[in-house]
Structures are given as C-alpha cells and as structure tokens.
Amino acid sequence: PKNYEGRYQPGLYDVCGPPLRWYMPWATLGHLVATILVPLLAVTSSQCEGTHEILAKYPYWLWFPFFLWVALMVLLEWKCFTYTVVPLIGISGPKRLFCVDANFWVWAFVLVLLSLVTQSEVWSQGLLVASAIRASLDCKGWKETLEPAWSKAWNDSMWAHFEPGGNLSVLAGLAWGFLVLQLIVYVFRAVPLKLLQCGRVDYRCGTEPNGYTVPVFCMRVWHADAVKTLASLNRMVLVLDGQTEYAINRAYFKLVSDPKQNPFEFFHILKMDMRFMLFDAFFVNLLQNGAKLQFQTSYWALLMYANLDVNVRWTRFTLCLTHLTCAHSLYRKLIEWVKVRESRIMVREEFRTRMAVADWREYDKLVFFQRSVAVVLTLQFLFQLLCAIKFCMSEWHCESHLWNLLHGCVEGLKVVDATNFD
C-alpha cells in the first residue's frame, strides 16, 4: 500500500518510469553491442592460424573494450536499482543470501558479482561462436578434421533426425541466433505500441496508471513490467532479485486490505508474475541456455579430440562459466516458483469456502502457468544434466573425447595430433 503504518511507501509502479527513460535504453544498446556488433567484428577479423589451420583466432584487442563495457553495464544497473530498491525492500523485507539474513551491502556486492559473471558470459560466448563460424567457413583443418568427426558423432546421437546439426556451425548459429531473438522479442515486449506510432508516453514517477499495449501478443504492461523485461534481457541480477517476493507481498496486501477479502486480485497478480516467468524460462532457460550448452560442450569435446591444449583450457573455462550462469538462473526461478506455489495453496485453503466461480477460474489460470513453468524448468535441468554428463564422459572416459547418450563413446575416428597448432 502507498501509506503503510502512517508512512508513504512507493510501489514499483510508481518509480519505474525514470529508469525506463534514462538508463534502460543505454543498457539495451550495450547488450546489442555484445550480442551483435562484437561477434560480427570477431567473424570479420578472425584468421585461420597454425600448421593444420583447424581454428580461427580472433584478435585479442576485442577484449580491451570489454572492461569499459562491463563497467558501464554495472553502472547502469546500479542506477536502475536506486529507483527500485526502496519498494522492493520496503515490501519484501530484509534480504537473504544462501537462506540466511544478509547485510544490505554484502547482499548487493554478491549480486553485482553475479551480474559481472553473467555479463562476461555474454561477451565470451559471442567471441567463441564467432571464431567457430569463421573456422567452419575458411579453415582447411576444420573442414578436413573436425567436421567429419562431428558429423559422425551427431549421426550416432539421439539428435540425428535434425540433419543440419551435423554441421557444428549450425549449432553455433543457433546459440547466437537465440541471443538475437531474445533481444528483439524482449525489446518489443517493453516498448509501448503508441511510442512506435509516434505517440507520447509519460515516464515520470507515478505515471501511466492504466498501462499500455506492447507489440508482442498485444499485451498490456506497466512501467514495472517493462523494467523487469529489460532487466532480464540485460542480465541485471541486482534489479531482478526480489521481484517475485514483491509480487507475493503486494498480492497479499491487496487481499487483506479488501473489505470483501476477494482472492481474485491475489491470484491475478501472481498469474501475471508467472506469465512473465514462463516467458523468461522458455526464451532464456530452455532455448538460449540449452543451445549454448550444447554448442560449447560439443565444441570443447572436439578440441579435446584434436588435442588443442591451449584452446581446450579457455573453452573449458567459458563452458564452466556457462554452467554456472545457467544453474544460477534455474535455482533462482525454482525458489521463486516454490514461493508462489506455497502462497497460492495457503490462500486457496483459507478462502476455499468463499471463492466464487471467477476466483476459481483465475486460480486455474495461475495453476496452468505454474505447471508450464515447471515443465520448462524440468527440461532445462535434464538438458543441463545431460551436458554435464557428456562433459565428464568426454573428459575421463572416451579415448576419442566424443560421447553421446545413445551409443556412448564415438569410435572409429582417426587419431588427430594438433599439438603443433600455434
């Protein structure tokens, strides 16, 4: 509520206009640079190197802008956070880390580090994909050595019916393409349709109380929804943390402040939060994370097969970074999903005898969205587990370092020695 125990307490819907106007556009532009511009520069500037010309190396100067870029992204995230922190903490309460209460600055510092990790993963993934695509286009050793090995491994796997996957550059393109797809979809899920039609949108505090329509599915959203969408796109862990707890507490305040104590609004608020989570889980957790885990694990296994020690170490590091960010995303969504489920069941049991038909319909919609999220997160967990098993089997069990679920180690490949690659 706006006035709680005699004090004015702004909500997210009151404070999200200014960061949408002043900071989110620049953060989205920065994400576009890392997602599109950097990989394109890496593709055009990479060169096939070494005696065997197996890989394409991108110039190391592409890492120099990274430090300025990540500093600007974290600064923009902090500026957005200064607007959202008061309503989030005011309604959600003290912050917790690893199930224990944490000092505010410790909590903020840890989440800023997580943001740095996720930002680094976006940049490194773009460079890795770009070098693989350039090698598949121009490098003789890639075409003569790695492509036949990968084609055999793919045709022996459970994914063999997807014939384009026999070309590793297709998987690299999918990993990059889902990043670009998320950028496009999320931008058009936050930009008001009337702004694209040269209309006017008020981004001051406490404005647009009726929301506005966005191009994606013609949904009606509010400033707080747009901030949440763009924060997810731009990997703003600090801004996203506590959003679901805020929705639960806001829904509960609405319920207890209603003289009739009608649970319809409670279920509606949580349904809208679950709708966003389903959107995010499908695009990020399933499509994007699945594609990049599959590509990076396969690429690393091929480097092991080719005995490219230096490149193996770097690719192993980026793969571990990807597993870390994917696991964190899955863990955060699981915690939020459980909290919504517990709140839903608690209110249902308390108000079961007083719920009207409209209340039950809204409740059923909430249940549908929750079950859909559960299915998507289960698929991500199984796929990430499969990639982790593939990593372990390729590292310590298979002589060829190539493994698939159906047939185990891929046999019958010629031994490659590229140790003189430089």
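**Entry 1**

I looked up the largest cavity and found a volume of about 240 Å³. It is lined by 18 residues, and those closest to its centre are Thr118, Arg235, Val284, Ser329 and Arg332. I note that the model is a predicted one. Helices α5, α10 (237–240), α12 and α13 (309–351) each supply at least two residues of this lining. By class, I recorded four nonpolar, eight polar and six charged residues in the lining of the largest cavity.

I then turned to the second largest cavity, which holds about 170 Å³ of space. Of its 16 lining residues, Ser157, Trp159, Lys390, Trp403 and Asn404 are the closest to the centre. The elements giving two or more residues to this lining are α6 (140–155), α12, α14 (357–396) and β9 (403–404). The lining of the second largest cavity has eleven nonpolar, four polar and one charged residues. My search of the whole structure gave four cavities of 30 Å³ or more.

I next looked up the second largest pocket, with a volume of about 590 Å³. It has 29 lining residues, and Tyr13, Trp222, Ala224, Asp225 and Arg250 are the closest to its centre. Two or more residues each come from α1 (12–15), β8 (220–221), α9 (223–233), α11 (243–257) and α12 (264–305). Which element gives the largest share of this pocket's lining? I found that α12 does, with seven residues. The classes in the lining of the second largest pocket are eleven nonpolar, six polar and twelve charged.

**Entry 1: Helix packing**

Two packed helices are described by the angle between their axes and the distance between the axes. I looked up α5 (residues 104–138) and α12, which pack at an angle of about 55° with their axes 12 Å apart. Helix α5 is therefore oblique to α12. Their crossing is left-handed. On the α5 side I listed Glu121, Gln125, Leu128, Val129, Ser131 and Ala132, which meet Lys292, Phe295, Gln296 and Tyr299 in α12. This contact divides into five nonpolar, three polar and two charged residues.

How do α3 and α5 lie relative to each other, roughly parallel or roughly antiparallel? The axes of α3 (residues 24–45) and α5 cross at roughly 30° and come within 8 Å. An angle under 35 degrees counts as roughly parallel, so I recorded α3 and α5 as roughly parallel to each other. The crossing of α3 and α5 is right-handed. Among the α3 residues that meet α5 are His31, Val38 and Pro39, and their α5 partners include Trp123, Leu127 and Arg134. I counted nine nonpolar, five polar and one charged residues in the contact of α3 with α5.

Terms used. Residues are numbered from 1 along each chain as its sequence is written. This is a predicted model: local features need pLDDT of at least 70, side-chain atom pairs count only at pLDDT 80 or more; totals for chains, interfaces and linings use all residues. Side-chain values use heavy atoms; hydrogens and water are left out. On a 1 Å grid over the protein atoms alone, a cavity is a set of points where a 1.4 Å probe fits but cannot get out, and a pocket is an open set with protein on both sides within 12 Å along at least five of seven lines; lining residues have an atom within 4 Å of a point. Grid points are joined across faces, edges and corners, and a volume is the space filled by probe spheres set on the points. Helices (H or I, at least four residues) and strands (E, at least two) are DSSP runs, numbered from the N terminus. Ala, Val, Leu, Ile, Met, Phe, Trp, Tyr, Cys and Pro count as nonpolar, Asp, Glu, Lys and Arg as charged, and the others, Gly among them, as polar. Axes are lines fitted to C-alpha atoms, for helices over the stretch in contact, and angles run from 0 to 180 degrees between N-to-C directions. Angles under 35 degrees count as roughly parallel, over 145 as roughly antiparallel, 65 to 115 as roughly perpendicular and the rest as oblique. A crossing is left-handed if the near helix is turned anticlockwise from the far one by less than a right angle, and right-handed if clockwise. Contact means heavy atoms within 4.5 Å.
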